[in-house]
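Please look over the sequence and the model below before reading on. The text then goes through some parts of the chain in turn.

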Amino acid sequence: HNDDDEDHIPEYLHYNSVLVFSPSNPFRLALYQIMAHPWFEIVIMVLIIASSILLAIDKPTLEKESQVYKVCLCFNILFAVLFTIEALMKIIVMGFAFHPGSYLRSVWNLLDALIV
């Protein structure tokens, strides 16, 4: 633990989140620790790249009985679940929209919310 970390607490952690999670809520703080880890963004980027590759493979002309179609369907469901979990984590940690630094105040998160 580094004392400099105290100076880098994001502004959104000073407010309640979605009217339920206080700034000191242990669940919210645990999710923040996950999001703040350098691997979090790397894993999300890998998922985005993998999802994009899947989009290139998945075609409306695939036979519904084919293995490729079934694998694509399973991975599409998996990616949808994982990206939804990512969005929910960010919303719980950052708050949804009503205070500085909240989820919808970021253009990237807004785009993410529209896609998910």
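The structure is a predicted model. The average pLDDT of the protein is 90, and 94% of the residues score at least 70. Confidence is highest in helix 1, with a mean of 97, and lowest in helix 4, with a mean of 87. Where pLDDT is low, the predicted coordinates should not be read in detail.

Helix 1 covers residues 26-36. Which of its residues are buried? They are Arg 28, Leu 31, Tyr 32 and Met 35. Seen down the axis of helix 1, these buried residues fall within an arc of 105°, so they line one face of the helix. The face turned away from that buried side carries Pro 26 and Gln 33, which are exposed. Helix 2, residues 38-57, and helix 3, residues 67-94, are among the parts that cover the buried residues of helix 1. At the start of helix 1, Asn 25 brings a side-chain oxygen to within 2.9 Å of the backbone nitrogen of Phe 27.

Ala 80 belongs to helix 3. Is Ala 80 buried, exposed or partly exposed? Its relative accessible area is 42%, so Ala 80 counts as partly exposed, given that buried means under 20% and exposed over 50%. Ala 80 and Val 93 are 13 residues apart along the chain, and 20 Å separates their C-alpha atoms.

The loop between helix 3 and helix 4 contains His 99. His 99 has a relative accessible area of 7%, so this residue is buried, the limit being under 20%. Leaving aside residues up to four places away in sequence, which residues does His 99 touch? The contacts of His 99 are Tyr 12, Tyr 15, Asn 16, Met 94 and Arg 105.

Helix 4 spans residues 107-115 and includes Asp 112. Asp 112 is buried but has no salt bridge. Its nearest side chain of opposite charge is that of Lys 90, at 4.9 Å. When residues up to four places away in sequence are not counted, Asp 112 touches Glu 86 and Tyr 103.

Notes: Residues numbered from 1 in each chain as written. Predicted model: local features only at pLDDT ≥ 70, side-chain atom pairs only at ≥ 80, totals over all residues. Heavy atoms only, no water. Buried < 20%, exposed > 50% of the residue type's maximum accessible area, 1.4 Å probe, protein only. Helix = DSSP H or I, 4+ residues; strand = E, 2+ residues; numbered from the N terminus. Arc of directions from axis to C-beta. Contact = heavy atoms within 4.5 Å. Polar contact = N/O pair within 3.5 Å; in protein donor to acceptor, adjacent residues only side chain to side chain. Lys, Arg positive; Asp, Glu negative; His and termini not counted. Salt bridge = Lys/Arg side-chain N within 4 Å of Asp/Glu carboxyl O. pLDDT = per-residue confidence, 0-100.
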